[in-house]
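Let's take a friendly walk through a structure together. Keep the picture open beside you as you read.

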Amino acid sequence: MTMTENRQNTVIGTRQLRREDPALLTGEAKFTNDLNLPGALHLSILRSPHAHAKIVSIDTAAAKASPGVIAVYTGAELQSQWAGPMPCAWPVTPDMKNPPHFPLAASKVCYVGDGVVAVLATSESASRDALDLIDVEYKVLKAVVDVEEALSDANIIHEDLGTNKSYTWNLKIEATEGCVENAFQKAAFKVSERYVQQRLLPMAMEPRAVAAVPQPFGGDITLYSSTQIPHILKVMAALTLGIPEHQVRVVAPSVGGGFGSKLDVYAEELLCMALARMHNLPVRWVEERSENSMATIHGRGQVQYVELAADKSGKLTAVRVRIKADMGAYLQLVTPGVPILGAFLYAGVYDIPLAYDFSCDGIFTTLTPTDAYRGAGRPEATYAIECAMDALARQMKIDPLELRKRNFIQKEQFPYTAFSGLTYDSGDHLQAAEKAAGLADYVGIRTKQAKQNVAGAKKRLGIGMTSYFEMCGLAPSRVLASLDYGAGGWEAATVRILPTCKVQVVTGTSPHGQGHETSWAMIASEKLGIPQEDIDVLHSDTAISPLGLDTYGSRSLAVGGVAVAGACDKVIDKARLIAAHQLECSADDLEFAGGVFSVKGSPDRAVPMAAIAFAAFTAHNLPDGLEPNLEAQYSYDPPNFSWPFGTHMCVLEVDTETGKIEILKYVAVDDCGVQINPLIVDGQVHGGVIQGLAQALFEEAVYDSDGNLKTTTLAEYLVPAASDVPSITTAHTVTPSPTNQLGVKGIGEAGTIGAASTVINAIIDALSGLGVTEMPMPASPQTVWRAIQSAAQAK
Amino acid sequence: MKVSITVNGTRQEKDVEPRTLLVHFLRDRLQLTGTNIGCDTSSCGACTIHLDGEAVKSCTMLAAQADGGKVTTIEGLSKDGVMHPMQQAFMENHGLQCGYCTPGMVMASIGLLKENPNPTEEEVRLGLEGNLCRCTGYHNIVKSVLAAAKK
């Protein structure tokens with residue numbers, strides 16, 4: 001019996017306020033840069049001002065003589081510190097080309113922001129001041145900025161590779177050979193679209209910060225880092241630095257947002273560790289915002305060619321996709337895998353035959369490396385299919401909601417084995433779409449639109465939608481193996497009932513805003529029948545939580561939360577043996593509810609968990625052979641991805657004279673299965689939607705033709721403010737996942753996955769009567785105005 | 001140079017380098033690390049504090065400019081272990097996720113209500129445009145401020 005069927009305490013599903021909040025609201029919480037480390041040296045890094053250049057010479061003499069400076073190192077001088085290059089954990093093809101990438105460049109720089117010289121000084125200001133005294137002579141080479149031009153190999157970035165192409169990854173599924181091409185030849189309707197997923201800066205509000213603290217004897221080292229992945233970082237840092245893994249401890253203190261940008265093994269983490277060991281002193285580094293824009297990974301960066309074939313009713317008959325994915329200058333931790341995470345989603349939520357042809361080229365440019373950014377591949381894929389569906393509806397002159405209804409995978413088809421062989425666990429797309437349509441007043445808006453969008457109208461009304469799947473909950477380890485990913489996808493949890501019946505839940509997830517402490521305590525409370533306030537949740541320190549695979553890919557609840565439930569089950573199983581021993585009955589005769597074991601049919605013969613916890617501790621009278629203590633560790637490897645889904649709709653007006661967009665309503669109907677804490681679910685949707693909406697309307701990492709980033713500060717890169725964005729109407733349907741005992745799915749990326757195409761579809765919907773059929777992102781007023789003008793000229 | 005600033009009710013006299021920003025004075029000299037730094041262009045508002053009762057970004061001014069003034073930081077808001085109504089409103093309305101922008105957002109929100117005790121949603125959004133949040137999409141921040149106004 002799953003918990004969804006048998007809610008004993010019904011903690012799950014209630015809007016619990018977050019236990020994380022008081023420390024964060026009062027300034028008590030410590031972020032990495034808040035740690036007080038007496039005697040620490042400060043690291044600053046001189047970064048390349050050129051996108052592509054040979055290092056001819058470096059003169060550090062003046063910097064070394066600068067007040068407070070302890071040491072200055074070039075890349076060549078630190079080369080002996082590295083046991084290997086910085087890691088890329090996802091070699092997506094056997095022949096993928098991966099240039100060696102070290103924390104400092106030794107002979108050549110490949111993007112603006114590439115690290116060149118490390119300065120250690122007694123204070124942050126002294127180390128920064130010394131950067132100005134370093135003289136580097138460069139031989140400047142031609143920048144490679146455009147991902148499609150890069151493919152011509154006219155200027156090769158990594159000479160030893162002989163090409164700018166890292167890999168080609170194919171996913172071609174055909175019922176019979178040639179059936180995709182055949183479907184396009186026979187199609188009643190075809191669309192062929194090109195979309196650009198602009199580069200985005202993740203812009204977590206906390207810039208990255210690192211502190212490495214060596215132990216004076218024995219060689220142990222503790223790394224504090226503003227990271228999403230203390231566990232993965234521990235393994236990778238040990239390997240890269242050649243330190244035995246058991247001597248490395250990684251702690252992620254309070255972390256101020258990540259969105260994927262802190263899902264990486266960064267040069268600064270490795271530099272701080274190496275320099276701390278060399279100098280036998282703590283070494284710390286904190287990123288400035290302008291440094292963050294260049295030295296922290298970027299998101300997106302894809303050119304997409306999408307073709308849909310459909311029969312005369314609009315039913316999809318084939319999907320063909322070609323992606324040019326911008327890797328940037330090097331492959332970071334999962335850079336090459338990001339477009340592959342989207343590869344399975346270009347048919348969206350639609351029932352298509354075995355006629356799918358996907359291919360992606362991963363291509364180097366002389367720009368900051370890209371990597372996972374909220375959604376990682378899935379917002380890009382969802383955008384492409386959902387905008388292409390609207391293009392198909394326009395061509396067919398039918399309503400885009402009607403076209404989707406004709407193609408949805410039907411509720412009765414779940415669990416649904418997709419063309420790709422993946423199984424979609426549960427879903428009801430029609431219900432989500434109809435709920436969204438009701439909340440957005442879809443029919444009413446269409447009526448209003450017909451009246452409002454007449455020739456010459458200054459303000460035109462539009463409504464756009466997206467129906468999405470969020471393939472998440474990374475991930476079944478065997479599936480990851482088939483995708484050549486370098487790790488598993490399990491998650492670990494330990495549940496420990498202390499002698500006084502207080503509980504420690506130890507999780508391998510590493511929250512940075514998601515509220516795991518609150519939600520995991522709710523799960524444990526529900527399972528154990530122990531009040532939430534008696535449960536502590538420990539995380540993000542590899543000395544406390546040695547096993548884990550951290551937080552990304554909307555995996556924490558669907559994998560880590562389920563692991564907590566599984567560990568509770570193991571503790572309950574052990575407690576049951578002690579209860580049976582005390583009550584002198586068979587363990588099978590006991591039932592457990594509300595934190596009490598009782599004999600079935602004789603409720604007065606009962607023993608509470610508190611008595612069992614103390615008995616397990618004293619061990620005076622345990623069943624023969626049973627270990628003392630009540631503790632269980634459980635590692636959960638999910639049998640499937642989780643497949644949250646939903647429909648978003650946006651109603652907006654476009655001012656045709658200024659290009660300005662006013663959002664009148666944004667509706668997000670999301671289904672993430674059973675909700676542990678609806679308060680947190682809604683918060684995740686709000687934030688995700690605004691990040692997706694920001695891609696649609698505001699944000700872009702702009703480069704000039706020499707590879708200089710023009711948007712390096714928050715004054716130039718438009719992270720929206722409260723005044724730029726609307727309130728959001730959230731609603732949910734609840735379709736439990738059948739693949740885990742909690743019935744849960746992920747929710748962290750859903751908003752971002754649904755939002756960008758929803759907004760863009762609404763803008764095009766408003767303007768299609770003027771002949772506008774495409775809308776590049778970000779749809780700034782200038783871009784919208786230009787699209788209106790060029791459509792008018794084309795008429 | 002010497003500065004004398006009353007911080008959270010305690011007078012602090014310190015020697016500082018003239019170029020010391022107020023935010024660095026608070027964080028590095030007084031260990032009041034609740035005031036965060038999120039940018040280098042005075043764009044994000046994470047470092048918002050109150051100087052003589054007014055919300056200001058503590059990265060935009062030198063410690064020397066606050067000489068003789070009264071500063072309240074996020075650490076100085078709660079009284080006798082009870083959070084300020086604005087802090088409570090943020091908690092009750094899930095107005096924070098990672099919490100990095102939160103101290104500045106709370107200080108700015110208190111400043112906003114001081115100037116406009118009964119704002120509309122639009123006025124709250126406009127009033128907070130100098131403070132950036134990447135987690136919440138602002139929805140619950142706006143809700144928190146409106147709830148605090150009703151208290």
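Domain bounds, which we need for what follows, come from an automatic or database domain assignment. This is a predicted model, in which local features need pLDDT of at least 70, side-chain atom pairs count only at pLDDT 80 or more, and totals for chains, interfaces and linings use all residues. Residues are numbered from 1 along each chain as its sequence is written, while chains are lettered from A and ligands numbered from 1 in the order in which they are written.

**Chain A and its domains**

Chain A is divided into domain 1 (32-141 + 207-255 + 262-295), domain 2 (374-470 + 640-794) and domain 3 (490-636). Between the C-alpha centres of domain 1 of chain A and domain 2 of chain A there are 39 Å. Two residues are in contact if their C-beta atoms, placed from the backbone, lie within 7 Å. By that rule, 8 residues from domain 1 of chain A and 9 residues from domain 2 of chain A take part in the contact.

Now for one residue. Helices (H or I, at least four residues) and strands (E, at least two) are DSSP runs, numbered from the N terminus. Ile45(A) sits in strand E1 (residues 41-47) of chain A. Is Ile45(A) buried or exposed? A residue is buried if 20 or more other C-beta atoms lie within 10 Å of its own, exposed if 12 or fewer, and partly exposed in between, with C-beta atoms placed from the backbone. Ile45(A) has 23 other C-beta atoms within 10 Å, so Ile45(A) is buried. Leaving aside residues up to four places away in sequence, Ile45(A) touches Gly115(A) and Ala118(A).

Two helices of chain A also deserve a look. Axes are lines fitted to C-alpha atoms, for helices over the stretch in contact, and angles run from 0 to 180 degrees between N-to-C directions. Helix H17 (residues 556-583) and helix H18 (residues 609-618) of chain A have axes that come within 10 Å and cross at roughly 95 degrees. H17(A) is therefore roughly perpendicular to H18(A), a word used for angles of 65 to 115 degrees. Where they meet, H17(A) brings residues including Ala575(A) and Ile578(A), and H18(A) brings residues including Met609(A) and Ile612(A).

**Chain B**

Chain B holds 5 helices and 5 strands, in the order β-β-α-β-β-β-α-α-α-α along the sequence. Buried residues account for 59% of the 151 residues in chain B. Chain B is divided into domain 1 (2-76) and domain 2 (85-150), with 21 Å between the centres of these domains, taken over C-alpha atoms. In the contact between them, 15 residues of domain 1 of chain B meet 11 residues of domain 2 of chain B. On the side of domain 1 of chain B that touches domain 2 of chain B, E3(B) gives the most, with 3 residues.

**Where the chains meet**

In all, 44 residues of chain B are in contact with 42 residues of chain A. The table sorts the residues of some touching sides by class: Ala, Val, Leu, Ile, Met, Phe, Trp, Tyr, Cys and Pro count as nonpolar, Asp, Glu, Lys and Arg as charged, and the others, Gly among them, as polar.

| Touching side | Residues by class |
|---|---|
| Chain B, touching chain A | 21 nonpolar, 17 polar and 6 charged residues |
| Domain 1 of chain B, touching domain 2 of chain B | 6 nonpolar, 8 polar and 1 charged residues |
| Domain 1 of chain A, touching domain 2 of chain A | 4 nonpolar, 3 polar and 1 charged residues |

Definitions and conventions:
Parallel < 35°, antiparallel > 145°, perpendicular 65-115°, else oblique.
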